[in-house]
Amino acid sequence: MAAVIEAHDLKRTYKTTTGVVRRKPLEVEAVRGISFAVERGELFGLLGPNGAGKTTTIKMLITLLLPTSGTARVLGHDVEREPREVRKRIGYVFGGDRGLYERLSALDNLRYFAELYGVSGRRQRERIGEVLELVGLTGREKERVEGYSRGMRQRLHIARGILHDPEVLFLDEPTIGVDPVGARELRATISELVRAGKTLLLTTHYMFEADTLCDRIAVIAKGSIVGQGTPTELKSGVTDGRVTEIEVFGVDDAAVERLRAIDGVTAVAVEEQEQKQLLVVQTTGARELTQALLTELGGASVGRVSSREPTLEDAYVALVTAE
Amino acid sequence: MKTLRVIAVGWLIHFKIMSRSPFAIGVGATWPIVNATLAYFMYRAGGYPQTLLYASLGSAVAGIWSMAAIDASGAIQRQRWWGTLELLVGAPVPFALVLLPMAVAIASAGIYALATTLLWGRLVYGIPLPLEHAVAFVVAVPVTIASIGVLGFALGMTLVRFRTASHIGNSLEYPVWIASGLLFPLAVLPAWSHPISLALAPTWGMRALLHSALGGRAWLDIAICLGLAAAYTAFGIALLERFMDSARRHATLSLT
Amino acid sequence: MTNLRIFFVGGLISYRALFNWLNPWIFVPTLVVGPIFQVLFFAYLGRAAGVESDRFYVIGNALQLAALPGLFAMTFTITGERYSQTLGPLLASPANRAVLFLGRALPVSANAAAVCVIAFVGGAVLLHVTLPAASLPALAVVIAATAVSCTGFGFLGGAIGLRIRDAIVLINLLDAALLIFCGVNIPLESLPDWMRAVGEALPVTHGLAAAREIADGATLGDVSHLLLAELAVGAAYAAVGYALLRYLEQAARRNASLETA
């Protein structure tokens with residue numbers, strides 16, 4: 001079956017100028033050849049630091065920007081040549097305070113967008129009620145948006161995005177700046193949407209969010225995809241071992257070298273912390289090496305020892321800083 | 001039917017937003033009074049008392065144009081600030097159906113300008129408003145507003161593509177006042193400019209208002225005004241696709 | 001030395017950043033086309049009303065337009081800083097306030113004089129208005145003085161903009177006031193006493209009176225008292241604006257009332 005969202009070697013360059021008096025043209029390559037495909041019913045994540053090109057990629061897919069080169073199709077329609085067909089079938093939600101008419105009530109906002117996005121006149125009232133229910137804003141819709149909290153605005157955003165019941169939803173950093181409780185509720189809503197059969201593309205720079213929500217993730221850095229796969233695949237792709245953290249009081253370089261020499265240890269990093277050091281030891285293989293490590297440290301005073309699975313953050317940092 | 005609905009809803013929503021903006025209403029309703037006062041002084045000094053009504057109506061229409069020109073530019077820029085421009089462009093509805101009602105709604109806020117200016121003239125200067133053809137007057141008001149709105153639509157269009165177009169909007173204030181004969185008759189202008197004036201819909205809207213108040217062929221003026229406005233709309237819509245594509249290519253829909 | 005740098009470099013960069021005047025698409029419509037059409041508008045209105053002469057309106061409006069950059073640029077300086085969120089950091093900086101704002105005043109004054117001249121020349125050429133060549137140097141001095149005085153007036157606008165979010169409304173009103181009270185389009189003699197008194201307290205009035213007299217053949221010496229009055233008015237507004245600025249700054253530190261965001 002054809003993928004719901006397909007991107008083939010998408011590129012986008014921006015032209016700006018530098019200089020005060022004599023302006024020189026400058027070309028910024030925001031996206032340098034991105035390709036991926038999203039299947040029906042998937043929650044696909046675009047994970048990357050700020051400025052990586054996530055928002056630019058999404059804007060190309062939702063027809064707001066024309067790619068400098070490359071192609072993309074959503075539900076089989078080319079984003080460049082059939083923008084209207086694409087727009088009818090997708091929803092766009094972005095994070096932050098903007099994107100709503102502050103002076104109007106939530107209801108008026110929804111009425112306007114329902115009209116623009118093609119919800120039939122007769123269906124409107126019913127549909128608006130449905131989406132308000134889904135995002136948990138029923139009862140607050142007559143209030144002006146200017147009085148809404150960030151979390152409420154985000155929920156209203158989502159409500160607006162799904163008014164016309166699109167098959168595909170694009171979410172650009174939907175939980176940015178939202179408090180933890182609100183963010184959790186938003187994520188629950190997002191999961192609901194996937195369960196209802198929608199296909200979602202989500203951009204975020206929150207590891208935890210990508211890890212828990214997404215079926216598959218593409219990691220973007222500096223305009224290119226540096227890793228792609230399920231969260232588990234990504235984590236194991238970088239280190240398939242463990243990370244052990246040992247607090248020591250006064251360890252010398254010789255001891256650290258001895259640790260490095262242990263079979264199975266791939267890296268030892270020493271973090272100076274006020275009166276002690278934190279040794280971060282990466283090891284491969286499933287073997288429990290803590291005993292061997294402690295033995296090599298010999299007489300040094302040892303504080304806490306902890307051992308953990310590598311997280312998506314470790315994988316992400318490794319991927320993003322690899323170049 | 002659906003098209004009319006989209007336009008009607010769009011108009012209502014943007015008129016609501018405008019009405020809740022104290023700044024827009026404040027300036028929009030008071031600036032015409034300034035022009036009116038200046039015009040009254042000058043016309044009175046010149047000894048033409050019967051033209052005071054002209055000054056009154058003309059200042060109001062001038063105010064409506066300022067609203068449309070400056071505020072239409074401001075509106076597009078505001079949509080950029082609010083983050084809603086992208087949502088409007090990204091909607092499946094053709095952007096012309098979004099922009100047109102927005103521009104007309106902004107011009108409609110000029111109804112406040114009309115009211116305050118006529119009231120000011122009546123209360124402070126004792127200028128009466130005779131209504132020879134009352135029905136024609138009542139029709140002429142929305143027609144004039146709509147024709148000005150359409151010009152604002154054309155301006156707004158360039159603004160979606162060119163972020164600096166708002167400054168051009170500001171500087172179109174006086175030129176249209178002059179060319180449309182809003183505060184003085186076209187006879188004062190050089191002959192070569194008359195065809196330009198006659199091609200502008202607000203010129204006919206102004207004539208319609210004057211003639212319906214003082215007597216004259218108001219209905220003919222209304223018809224010509226509508227015809228011209230329709231022509232601009234068609235022309236604007238035809239160009240709009242090009243502008244939108246260009247805006248998408250040059251990434252001017254958002255702030256950065 | 002630091003002060004000089006703040007004065008020139010800071011002034012120019014902030015000015016360029018905000019008013020973007022090096023971009024012809026902004027410069028030409030706002031500072032050339034708009035002003036010339038203002039002159040034309042009032043000249044034609046005068047013809048229709050049969051009041052005064054084209055020359056009257058050219059001189060009047062050209063001088064009034066010197067206030068355009070002063071009012072709007074100074075306000076934009078403040079509100080623009082607010083929008084780009086540099087106002088907070090700016091006020092937190094140790095730079096000498098007076099030097100900082102004076103630095104911004106220099107390009108503004110130059111701009112004001114330029115607009116005045118452009119409007120003058122444009123209007124004169126299009127309306128076939130002539131002035132005796134001998135009066136031009138004196139006129140230039142008057143224009144410079146008025147430009148400086150209007151910039152001082154703009155300080156007040158800037159200070160107000162610090163406190164009020166939609167200061168642009170007030171600025172438009174000030175612009176309108178100049179059109180009505182300063183003898184720009186209505187001769188001072190024709191104004192009722194109270195309006196004339198208001199005009200005396202505004203910039204442009206004295207400079208304009210001086211310009212009109214020079215156009216009629218007076219020398220710079222004859223109008224020196226008017227020039228001094230004009231500069232005094234401008235300085236007074238600058239002082240008030242500056243004092244207001246400092247006061248608001250202190251008050252804001254006390255109760256977070258500055259509209260820095």
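Me: Which residue is the bridge partner of A:Leu47 in S8(A)?

Reply: The partner of A:Leu47 in S8(A) is A:Thr204. This is a predicted model, in which local features need pLDDT of at least 70, side-chain atom pairs count only at pLDDT 80 or more, and totals for chains, interfaces and linings use all residues. Residues are numbered from 1 along each chain as its sequence is written, while chains are lettered from A and ligands numbered from 1 in the order in which they are written.

Me: How many bridges join S7 of chain A to S8(A), and in which sense?

Reply: Strand S7 (residues 168-172) pairs with S8(A) in the parallel sense over 5 bridges. Within this pairing, A:Leu171 is opposite A:Leu202.

Me: Why is the crossover from S7(A) to S8(A) called right-handed?

Reply: The chain passes from S7(A) through helix H6 (residues 180-195; an H or I run of at least four residues) to S8(A). This β-α-β crossover is called right-handed because, with the strands pointing away from the viewer, the path from the first strand over the helix to the second runs clockwise.

Me: How do you know that strand S8 of chain A is mostly covered?

Reply: A residue is buried if 20 or more other C-beta atoms, placed from the backbone, lie within 10 Å of its own. In S8 (residues 199-204), 6 of its 6 residues are buried. A:Thr199, A:Leu201 and A:Thr203 are buried on one side, and A:Leu200, A:Leu202 and A:Thr204 on the other.

Key:
A residue is buried if 20 or more other C-beta atoms lie within 10 Å of its own, exposed if 12 or fewer, and partly exposed in between; C-beta atoms are placed from the backbone. Helices (H or I, at least four residues) and strands (E, at least two) are DSSP runs, numbered from the N terminus. Two strands pair if DSSP finds at least two bridges between them.
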